[in-house]
Amino acid sequence: MLITGASSGIGVGFAHAFAREGAQLILTARRVDRLEALAAELRDRFAVSVLVLPSDLSGPDGVQSLLEGLKEMDMQVDILINNAGFGYQGAFEAAEPSLYEDMMYLNMMALTTLTRALAPAMRQRGYGGVLNVASMAGVTPIPYFSVYAATKAYVLSLTEALWKEYLNTGVRMVTLCPGPVDTEFFEVSGYDPAKSAATRGIQSVREVVDTAMKALRKNQPFVPTSLLLKVLAIFQRFIPRKLSLHILASQMNP
Ligand SMILES: NC(=O)c1ccc[n+]([C@@H]2O[C@H](COP(=O)([O-])OP(=O)(O)OC[C@H]3O[C@@H](n4cnc5c(N)ncnc54)[C@H](OP(=O)(O)O)[C@@H]3O)[C@@H](O)[C@H]2O)c1
């Protein structure tokens, strides 16, 4: 199985959870030292095989080199966890265009290309799963988190549609929608959950990954990672769009 973004946060949590189940792992991200350290720990603790294939997935070269690496090693991927991603909080014009290009490539294109490359063999085998990490930020537009929220809306829309296309093929398609989780995401994105109401619902990686593992077993298409988030997702449908934008802008404006 392949986990992207396995060098920190939720990706590390997934690596531990699957290693505990005895899965053979392929880990990818850019920070190779972190991946190697995690691989050594997992081999030691769980006696599983772990392969490290470092890659920068913010452009087509990195995605292609990862796919070529898998092919060269003749690695079969039964489960794909598309977890790598990053965000940016701030006014739309405050970030460089290249940051948005990298974010859109990583959060959407890399995820789509990997799914398109690996799902057909899963379907042929009649067994497999793709878990795409979206976010509650994908459920509604969010001012001052605009491009990130839009990328996650794409992930949510794509994966829910694929859930239906792949139903009864043996291939599960799951969209994970966490709210704030205690990871390096906040440092990278500049988003401080302590300044928003969301801080009340901050989750641990362990909680999020436990929910994800259950959802993958059950093949659930849309998975908010707590009861609070499930309720919020329902309420969101009934809040007038303009009101929602005003409320979220007041929380997210740095
Ligand atoms: N934490 C939250 O509050 C939260 C909430 C909802 C959704 N999410 C989503 O959860 C996923 C995991 O994030 P996290 O919270 O675990 O944050 P994190 O600790 O910052 O982890 C992000 C992972 O993505 C990898 N990554 C970043 N840029 C990359 C690139 N160009 N190429 C390849 N890998 C790259 C990072 O590895 P390297 O830096 O080593 O490349 C790291 O392993 C993301 O998709 C995020 O959007 C997070």
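**Helix packing, ligand shell and core in a predicted model**

Helices α4 and α5 run roughly parallel to each other, because angles under 35 degrees count as roughly parallel and their axes cross at roughly 10°.

Next, the nonpolar core. The largest one has 69 residues. Helix α4 turns up again here, as it gives this core its largest share, 9 residues. The members that touch the most other members are I3, A15, L25, L27 and L176. Take L176 from that group. Setting aside neighbours within four places in sequence, L176 is in contact with L131, V133, A134, A212, A215, V223 and T225.

Now the ligand. How many residues surround the ligand? There are 28 in the shell, and the closest are G5, G9, R30, R31 and G85. By class, the shell divides into 13 nonpolar, 11 polar and 4 charged residues. Two helices, α1 at 9-20 and α6 at 185-189, each supply at least two of the shell residues. The largest share comes from α1, with 3 residues.

Is G9 buried, exposed or in between? G9 is partly exposed, because 19 other C-beta atoms lie within 10 Å, and buried would take 20 or more. Beyond its neighbours within four places in sequence, G9 is in contact with T183, E184, F185 and V205. As for a distance along the chain, G9 and N83 are 74 residues apart, and their C-alpha atoms are separated by 9.8 Å.

On to backbone angles. Most residues other than glycine have a negative phi. Two residues here are worth a look on that account. A47 is not a glycine, yet has a positive phi of about 50°. A47 lies in the loop between α2, residues 32-46, and β3, residues 50-52. A47 counts as exposed, because 9 C-beta neighbours fall inside 10 Å and the limit for exposed is 12 or fewer.

The second one is N168, also a residue other than glycine, with a positive phi near 70°. Where is N168 found? N168 is in the loop between α5 and β6, the latter being residues 171-177. With 6 other C-beta atoms within 10 Å, N168 is exposed.

Last, the segment after α9, which is helix 241-252, and in that segment P254. P254 counts as exposed, with 12 C-beta neighbours inside 10 Å. Leaving out neighbours within four places in sequence, P254 is in contact with Q89, G90 and Y144.

Conventions:
Residues numbered from 1 in each chain as written. Predicted model: local features only at pLDDT ≥ 70, side-chain atom pairs only at ≥ 80, totals over all residues. Axes fitted to C-alpha atoms, helices over the stretch in contact; angles between N-to-C directions. Helix = DSSP H or I, 4+ residues; strand = E, 2+ residues; numbered from the N terminus. Parallel < 35°, antiparallel > 145°, perpendicular 65-115°, else oblique. Near = placed C-beta within 6 Å. Nonpolar A, V, L, I, M, F, W, Y, C, P; charged D, E, K, R; others polar. Core = buried A, V, L, I, M, F, W, Y, C linked by C-beta atoms within 7 Å. Contact = placed C-beta atoms within 7 Å.
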